[in-house]
Amino acid sequence: MSVVEIAVERLEHGGDLPLPAYASAGAAGLDLLAAVVEDLVLPPGGRALVPTGIRLALPDGFEAQVRPRSGLALRHGVTVLNAPGTVDADYRGEVGVILANLGSEPFSVRRGERIAQLVVAPVARAVWREQEVATAATERGAGGFGSTGMTAARSGGA
């Protein structure tokens with residue numbers, strides 16, 4: 001496991017909250033907390049940008065991915081709408097989480113509540129080499145949209 005040092009600033013409205021932390025020794029994501037001033041109610045089908053009260057200075061060559069928390073998704077139907085959201089290395093604004101309530105009941109986001117996970121990952125830069133791409137060069141070819149998981153019976157094949 002590698003370690004990367006990241007500069008983090010607590011903003012005024014998040015100054016009393018703990019910094020994001022790993023919940024266990026093997027956790028891949030740091031828990032992001034809601035830095036709402038008062039409870040924020042997400043109605044069924046609703047969405048909101050939830051502040052975290054922090055801003056980061058990621059080193060070049062890294063990104064931070066904002067991902068849903070499985071417990072919120074399972075118990076309440078609450079998820080990160082643009083999952084995974086990306087915090088780029090050159091972004092210096094507050095980290096925000098777009099939460100969506102896909103559940104059937106209103107959900108209250110409370111101050112200090114764990115609302116998402118933040119996974120720090122290295123990034124490779126792509127350089128395009130324009131050329132013909134042979135679709136027959138692999139077993140899968142151009143098959144997509146569930147084609148690798150279809151059985152002969154479901155796909156109508158023999």
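Modeller: Let's begin with a term: two strands count as paired if DSSP finds at least two bridges between them. Keep in mind that this is a predicted model.

Now for strand 3, which covers residues 30-33. One of its neighbours is strand 11 (residues 114-122), and the two pair in the antiparallel sense over four bridges. If you want a spot to look at, find Leu 33: its bridge partner in strand 11 is Arg 114. Strand 3 also pairs with strand 2 (residues 21-22), again in the antiparallel sense, this time over two bridges. There, Ala 21 stands opposite Asp 31 of strand 3.

What about the faces of strand 3? Both are covered. Leu 30 and Leu 32 are buried on one side, while Asp 31 and Leu 33 are buried on the other. So Asp 31, the residue opposite Ala 21, is under 20% relative accessible area, because that is what buried means here.

An open sheet of four strands runs in the order 1-5-9-7, with antiparallel pairing. Its edge strands are strand 1 (7-10) and strand 7 (78-80), each pairing on one side only. From one strand to the next, the twist averages 40 degrees.

Note on methods:
Residues are numbered from 1 along each chain as its sequence is written. This is a predicted model: local features need pLDDT of at least 70, side-chain atom pairs count only at pLDDT 80 or more; totals for chains, interfaces and linings use all residues. Side-chain values use heavy atoms; hydrogens and water are left out. Axes are lines fitted to C-alpha atoms, for helices over the stretch in contact, and angles run from 0 to 180 degrees between N-to-C directions. Buried means under 20% relative accessible area, exposed over 50%, partly exposed in between (1.4 Å probe, protein chains only).
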